[in-house]
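Dear colleague,

I am passing on the structure below, together with some notes on its side-chain packing. Please read the notes with the coordinates open beside them.

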Amino acid sequence: MKVKIQDATDLSNKILRKLGFTSEEATLITENVLEGELTNKKTHGFVRILWLRNQINEEKVKVLSGKIEIVKETPVSLLVDGKGKTGFIVVNKALQLGINKAKKIGLVAVGVTNTAPASGLIGLYARKATENNLIFIGFNNSSGGLVPFGAIQELWGTNPLTVGIPTNDLPVILDMASSQITWGELLLAKLTGSKLKKGVAIDKEGNVTTDPEKAMEGGLLPIAGHKGSGLAFIVELLGGALTKSRVGHAIQGGWGSFFILIKPDLFRDLNEFKSEVEVAIKDLKNLPKQKGVNEIYYPGEQSQKLRRRLLRNGFVEIDDKLWSDLILFTKNL
């Protein structure tokens, strides 16, 4: 159904405040889930509010915990302790600290440890970096869900690789999970009673399934077979082992994030860099098209154009059942 963006924002903030988050924290979480809706990443949209409520009820997320702090800092790096808070809040705070530092010295590596589910839509953090004329390269691990190539049991999270590159207009944003579908797609499919695509998930016995609940008990298959599995492992090591976070089932800990922020003018003039990015984009988009293809898009282009249009119109489409469940939840608060 079509909902006013302001109404959706107000409802999200109301629920999150009732769940115990501060006004600032609720605003950060709402910004992230709204980004999911605006960019048509529904798997990271308002469905995450209900999921977050369940995580709090299961005591996997601490609403009232210590203050986020920098536990190690060098001229070119930061390690941020999230104190068990949800990554929606922690990664955003760490990003701002990293942006401030990178704008001064040019390049910063940021590690985030001891965070609770979930990291949120990483593409939002990449966009924020590009809005500050910084390149963003991010690796984020999470609790299990992805089944390594050749195995029949999950071990790692859906472990996305995210890259943001500034342009003179809409940024280039590659934000891709190592799995064929995300955990959020399981949440949405379960909520709406939908089936999964065949070949993207297995049940706990290792059999291919289209049932989202059985997939939650089993796991998700990687993109491109062994290549996606290899990517997930690298993200697990950088997002997990490097930041003193969880690694597979063997090393316990919170969710981990590792990202690098780069100021392009460390290497060349910023405007020259942006100009050549624009040339590369035009080169891509001007290629001869396959039959049935109207336009060739660069990473993030479609979602960013949609976001811009929806913000201009002031409305966003939210699943009917999801919106009804959110309204019902507010009545039971």
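The charged end of Arg-48 is placed over the ring of Trp-51, at 5.2 Å from the ring centre, and a second case of this kind is found at Arg-53, whose charged end sits over the ring of Phe-329, 4.8 Å from its centre. Please keep in mind that this is a predicted model, and that the values here are computed from it.

Phe-136 belongs to strand S5 (residues 135-140) and Phe-259 to strand S10 (residues 255-262), so the pair ties together parts that are 123 residues apart in sequence. Phe-136 counts as buried at 1% relative accessibility, and Phe-259, at 2%, counts as buried as well.

Another pair is formed by Trp-156 and Phe-233, with ring centres 5.2 Å apart and planes at 20 degrees, so it is also stacked. Here Trp-156 comes from the loop between S5 and strand S6 (161-165), while Phe-233 comes from helix H8 (residues 226-241), so the pair ties together parts that are 77 residues apart in sequence. Trp-156 has a relative accessibility of 9% and counts as buried, whereas Phe-233, at 38%, counts as partly exposed.

The two phenylalanines of the S5 and S10 pair return in the largest nonpolar core, which has 60 residues, and in which Phe-21, Phe-46, Phe-136, Phe-259, Leu-261 and Leu-326 touch the most other members. Helix H4 (residues 87-105) gives the most to this core, namely eight residues. Because domain 1 (2-62 + 306-332) and domain 2 (70-179 + 222-266) both give residues to the core, it lies between them. Leaving aside residues up to four places away in sequence, Phe-21 touches Leu-16, Ala-26, Ile-29, Leu-52, Ile-56, Val-63, Thr-86 and Ile-89.

Is Thr-330 buried or exposed? With a relative accessible area of 13%, Thr-330 is buried, because the cut-off for buried is under 20%. Thr-330 touches Leu-11 and Ile-15, again not counting residues up to four places away in sequence.

With best regards

Definitions and conventions:
Residues are numbered from 1 along each chain as its sequence is written. This is a predicted model: local features need pLDDT of at least 70, side-chain atom pairs count only at pLDDT 80 or more; totals for chains, interfaces and linings use all residues. Side-chain values use heavy atoms; hydrogens and water are left out. Helices (H or I, at least four residues) and strands (E, at least two) are DSSP runs, numbered from the N terminus. Buried means under 20% relative accessible area, exposed over 50%, partly exposed in between (1.4 Å probe, protein chains only). Rings of Phe, Tyr and Trp (its six-membered ring) pair if their centres lie within 6.5 Å; planes under 30 degrees apart count as stacked, over 60 as edge-to-face and the rest as tilted. A charge sits over a ring if NZ of Lys or CZ of Arg is within 6 Å of the ring centre and within 35 degrees of the ring normal. A nonpolar core is a set of buried Ala, Val, Leu, Ile, Met, Phe, Trp, Tyr and Cys residues joined through side-chain atoms within 4.5 Å. Domain bounds come from an automatic or database domain assignment. Contact means heavy atoms within 4.5 Å.
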